[in-house]
Amino acid sequence: MRGRGRVPGRKSNLGSQKGKVNDERQRTEVVASTELMEGRSVVGWAARDPSGLLSPYHFSLRETGPEEVLFKILFCGIDHTDLHQCRNQIHSANYPLVPGHEVVGEVVEVGSEVKKFKVGDIVGVGIIGCCGNCLSCKSNMEQYCNKRILTYNDTYKDGTPTQGGFSSAMVAHQNFVLRIPEKLAPEQAVPLLCAGVTAFSPLKPFSDCGADVFLVSSNEAEMQRATSSLDYILDTIPAVHPMEPYLSLLKVDGKIILVGAVAKPQQFSSLDLILGKKTICGSLIGSIGETQELLDFWAEKGLKSMIEVVKMDYVNKAFERMECNDVRYRFVLDIASSDL
Ligand SMILES: [Zn+2]
Ligand SMILES: [Zn+2]
């Protein structure tokens, strides 16, 4: 908050209560963002080394650009990828690393060119940038852009490290900000932003197949009976696992779609594919458009996400429990009411 003719007495709304945010709404929207943001400090919980243990970490947010939105984080989901990243098991971790890529918050400031959002809106964020010019970007599949910018453990266009949603606030370009429908509770929207859309995007082409049988892979007799019966399998397992039992379940021309990031190479026998014209492929989250479509669909149908809401000081324990499958089915951090 030094120099550059800032408005006297002006403060960021980051620590404000909701009422105060509303009181200041009008002023927040008209004051040029460059006058507000220098030295804007926030608190996140960061991993410092491959132990992956998280602890409080102070860092600065960039200025809110003309097309950007600043939001106070309310809730953030805990994904297995967060654990992998904190432990330096996929990509190379840039410590201190604040994870979290299923982020829901309340807008506290908008840039002068932002038309889609206003202060007080409940919004969500997954990936936060792409080049805008490549074939993927131009065909609304920006998640496959080679220059996509991930929520954290990545570098923003201004050269600063990106930090995720296990923190008090975030700035994002309006094109990567999602509208959380009013009918949907913010914490309910959280798992849709990665886990939900990761399933939704690759399954859309199969949406008329239907699904009415539940198969437990640890039950050998059931698995045997289901041989050559499936059109596709969405494989969400985030650890090395044998492919053969699953490939054998597919019909001719069937597909396994991998969506769980595995830290080590997976193996399969080419004969298992060749003899049934089978495919193993991958899929990454979904596009911004698909994510919005899923959020709206969820709200319209009144669907529920199965979540366990915990406070930030429980996060290391939550990682531990997630690792031994002791959560049904998603941990959601209640950031706004945690003491960061
Ligand atoms: Zn691109
Ligand atoms: Zn994820």
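This is a predicted model: local features need pLDDT of at least 70, side-chain atom pairs count only at pLDDT 80 or more; totals for chains, interfaces and linings use all residues.
Leaving aside residues up to four places away in sequence, Val-69 touches Val-107, Val-110, Val-114, Phe-117, Val-123, Ala-172, Gln-174 and Val-177. Now widen the selection to the largest nonpolar core, which has 62 residues. Val-69 is among those with the most contacts inside it, along with Phe-71, Val-123, Val-125 and Leu-333. Colour strand S3, residues 68–78, next: with eight residues, S3 gives the most to this core. In soluble globular proteins, nonpolar side chains tend to be buried together. There is also a second, separate core, made of six residues; Tyr-232, Leu-250, Ile-256 and Ile-257 are among them.

Zoom out for a moment. The protein chain has 340 residues, of which 36% count as buried, and its secondary structure comes to 11 helices and 12 strands. Take the contacts between residues at least 6 apart in sequence: 70% of them join residues at least 24 apart.

While you have the whole chain in view, colour by pLDDT. The mean is 89, and 88% of the residues reach 70 or more. Residues 1–12 are a stretch to treat separately, with pLDDT under 50 throughout and 17 contacts in the model beyond four places in sequence. Residues 15–38 are also below 50, and that stretch has 39 contacts beyond near neighbours in sequence.

Next stop: helix H6, residues 195–203. Which residues of H6 are buried? Pick out Ala-195, Gly-196, Val-197, Thr-198, Ser-201 and Pro-202. Show what the buried residues of H6 pack against, and you'll get strand S8 (230–235), strand S9 (250–258), H10 and strand S12 (330–334).

Stay here and bring up H10, residues 288–301. The axes of H6 and H10 are 10 Å apart, and the two helices pack at an angle of about 105°, so they are roughly perpendicular to each other. On the H6 side, show Gly-196, Val-197, Phe-200 and Ser-201; on the H10 side, Glu-290, Thr-291 and Leu-294. The residues of this contact divide into three nonpolar, three polar and one charged.

Is Asn-140 buried or exposed? Asn-140 counts as exposed, because it has 11 C-beta neighbours inside 10 Å and the cut-off for exposed is 12 or fewer.

Now for some backbone details. In the loop between helix H3 (80–86) and strand S4 (103–110), find Pro-96: the peptide bond from Tyr-95 to Pro-96 is cis, with omega near -10°. The loop between H3 and S4 also holds His-91, a non-glycine residue with a positive phi, near 50°. His-91 is partly exposed, with 13 other C-beta atoms within 10 Å.

Finish in the loop between helix H11 (315–323) and S12, where you'll find Tyr-329. A cis peptide bond joins Arg-328 and Tyr-329, with omega about -10°. Asn-325 is in the loop between H11 and S12 too, and its phi is positive, near 55°. Asn-325 is exposed, with 8 other C-beta atoms within 10 Å.

Note on methods. Residues are numbered from 1 along each chain as its sequence is written. Chains are lettered from A and ligands numbered from 1 in the order in which they are written. Axes are lines fitted to C-alpha atoms, for helices over the stretch in contact, and angles run from 0 to 180 degrees between N-to-C directions. Helices (H or I, at least four residues) and strands (E, at least two) are DSSP runs, numbered from the N terminus. Angles under 35 degrees count as roughly parallel, over 145 as roughly antiparallel, 65 to 115 as roughly perpendicular and the rest as oblique. Two residues are in contact if their C-beta atoms, placed from the backbone, lie within 7 Å. Ala, Val, Leu, Ile, Met, Phe, Trp, Tyr, Cys and Pro count as nonpolar, Asp, Glu, Lys and Arg as charged, and the others, Gly among them, as polar. A nonpolar core is a set of buried Ala, Val, Leu, Ile, Met, Phe, Trp, Tyr and Cys residues joined through C-beta atoms within 7 Å. A residue is buried if 20 or more other C-beta atoms lie within 10 Å of its own, exposed if 12 or fewer, and partly exposed in between; C-beta atoms are placed from the backbone. pLDDT is the predictor's confidence in each residue, from 0 to 100.
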